[in-house]
Amino acid sequence: MSYTLKASEPDLAQGLRRVAADQLDRALASLGAEGADPHEAVHDARKRCKKLRGLLRLFRGALPDYDTENAALRDAARHLSDLRDKTAMIECYDRLMDRYGETLNRSAFGPLRAGMTRDRNAATEAGDLSDRMTAMAEALRLVRGRVDGWELTDEGFPAIRKGLLKTYGRARDAMAEAQATRDPELMHEWRKRVKYHWYHMRLLSDAQSEPLAARETAADQLSDLLGEHHDLVELAPRLEAAPLGDTPTRVLRGIAREEMARLEEEVFAIGHSLFARKPKKFGKDVEEAVTTWYAAA
């Protein structure tokens with residue numbers, strides 16, 4: 001697995017540079033692939049930017065270049081955020097139909113799906129898409145050119161302690177805020193924090209620790225479910241503007257609310273298990289696993 005730190009490497013700095021270079025090279029390959037589906041290329045490149053930012057967050061306490069590189073990757077991904085959002089809306093609609101379609105007259109909702117497809121096609125065919133993909137690629141190349149110069153100010157677990165605990169603590173706090181309010185923006189903020197925690201568990205998966213592996217699986221599932229919840233939030237304005245008529249709109253709005261409620265019950269159940277420990281206790285558990293892992297290498 002390329003998105004994994006290896007105890008067999010001379011030091012964590014080498015692992016950091018290897019993983020970063022691999023993700024950047026793959027993102028650039030996607031953006032530059034001739035004849036590739038632009039939606040798949042954009043999705044892959046943006047996904048790798050998120051993984052890179054997760055990697056940087058793990059080392060934020062020992063990487064002097066953290067602020068600069070994190071901002072560079074964030075800004076690079078923004079060049080194509082709208083295209084991915086349009087695809088996510090179609091995927092959200094399709095999930096609703098897969099789950100509830102047998103009880104519905106699906107043809108009544110066809111105009112909504114058709115409208116979203118037209119929007120995505122228009123964005124794909126826009127004259128500036130190639131320019132925006134090029135701009136994102138150029139921004140990523142600048143980061144790639146700096147990777148070989150990244151150095152850490154610490155080694156071993158101390159190099160990742162701050163980033164690991166900060167991300168975990170923020171995810172834990174974000175869960176409490178989201179559960180108290182069920183506010184869509186706070187739910188989305190929790191999702192982002194969970195995703196970074198999942199990336200950290202993936203990066204440490206070479207430790208082959210059963211507790212860390214179970215945590216990785218749970219964080220992955222939680223991130224996906226929170227993503228589905230966010231997509232439903234974003235779908236709501238499209239429902240109100242769609243030319244469906246009062247009854248189909250009301251039915252689809254009700255289904256979306258029902259699905260959001262179901263997802264909320266599931267995500268908080270997983271979240272309370274995943275973030276039950278206080279950050280310091282969580283950190284000690286991971287430190288023990290990482291120390292054992294390095295000692296056995």
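The crossing of α2 (38-58) and α3 (66-78) is left-handed, meaning that the near helix is turned anticlockwise from the far one by less than a right angle. The model is predicted, with pLDDT of at least 70 needed for local features and 80 or more for side-chain atom pairs, while totals for chains, interfaces and linings use all residues. Residues are numbered from 1 along each chain as its sequence is written, and side-chain values use heavy atoms, without hydrogens and water. Helices are DSSP runs (H or I, at least four residues) numbered from the N terminus.

**α2 with α3**
- The axes of α2 and α3 lie 10 Å apart at an angle of about 165 degrees, where axes are lines fitted to C-alpha atoms over the stretch in contact and angles run from 0 to 180 degrees between N-to-C directions.
- α2 and α3 are therefore roughly antiparallel (an angle over 145 degrees).
- In this contact (heavy atoms within 4.5 Å), α2 contributes Arg 46, Cys 49, Leu 52, Arg 53, Leu 56 and Arg 57, and α3 contributes Tyr 66, Glu 69, Asn 70, Leu 73, Arg 74, Ala 77 and Arg 78.
- The contact of α2 with α3 has six nonpolar, one polar and six charged residues (nonpolar: Ala, Val, Leu, Ile, Met, Phe, Trp, Tyr, Cys and Pro; charged: Asp, Glu, Lys and Arg; polar: the others, Gly among them).

**α2 with α6**
- α2 and α6 (residues 129-147) pack at about 25 degrees, with axes 12 Å apart.
- That angle makes α2 roughly parallel to α6 (under 35 degrees).
- The crossing of α2 and α6 is left-handed.
- Pro 38, Ala 41, Ala 45, Arg 46 and Cys 49 of α2 touch Leu 129, Met 133, Met 136 and Leu 140 of α6.
- Eight nonpolar residues, no polar residues and one charged residue make up this contact.

**Largest pocket**
- The largest pocket holds about 1,300 Å³ of space; a pocket is an open set of points on a 1 Å grid over the protein atoms alone where a 1.4 Å probe fits, with protein on both sides within 12 Å along at least five of seven lines.
- Its lining (residues with an atom within 4 Å of a point) comprises 38 residues, with Arg 46, Lys 50, Asp 85, His 188 and Arg 191 nearest the centre.
- α8 (184-203) gives the most to this lining, with ten residues.
- The lining has eight nonpolar, six polar and 24 charged residues.

**Second largest pocket**
- The volume of the second largest pocket is about 240 Å³, a volume being the space filled by probe spheres set on the points, which are joined across faces, edges and corners.
- α11 (279-296) supplies the largest share of its lining, six residues.
- Seven nonpolar, two polar and four charged residues form the lining of the second largest pocket.

Note on methods:
Helix = DSSP H or I, 4+ residues; strand = E, 2+ residues; numbered from the N terminus. Parallel < 35°, antiparallel > 145°, perpendicular 65-115°, else oblique.
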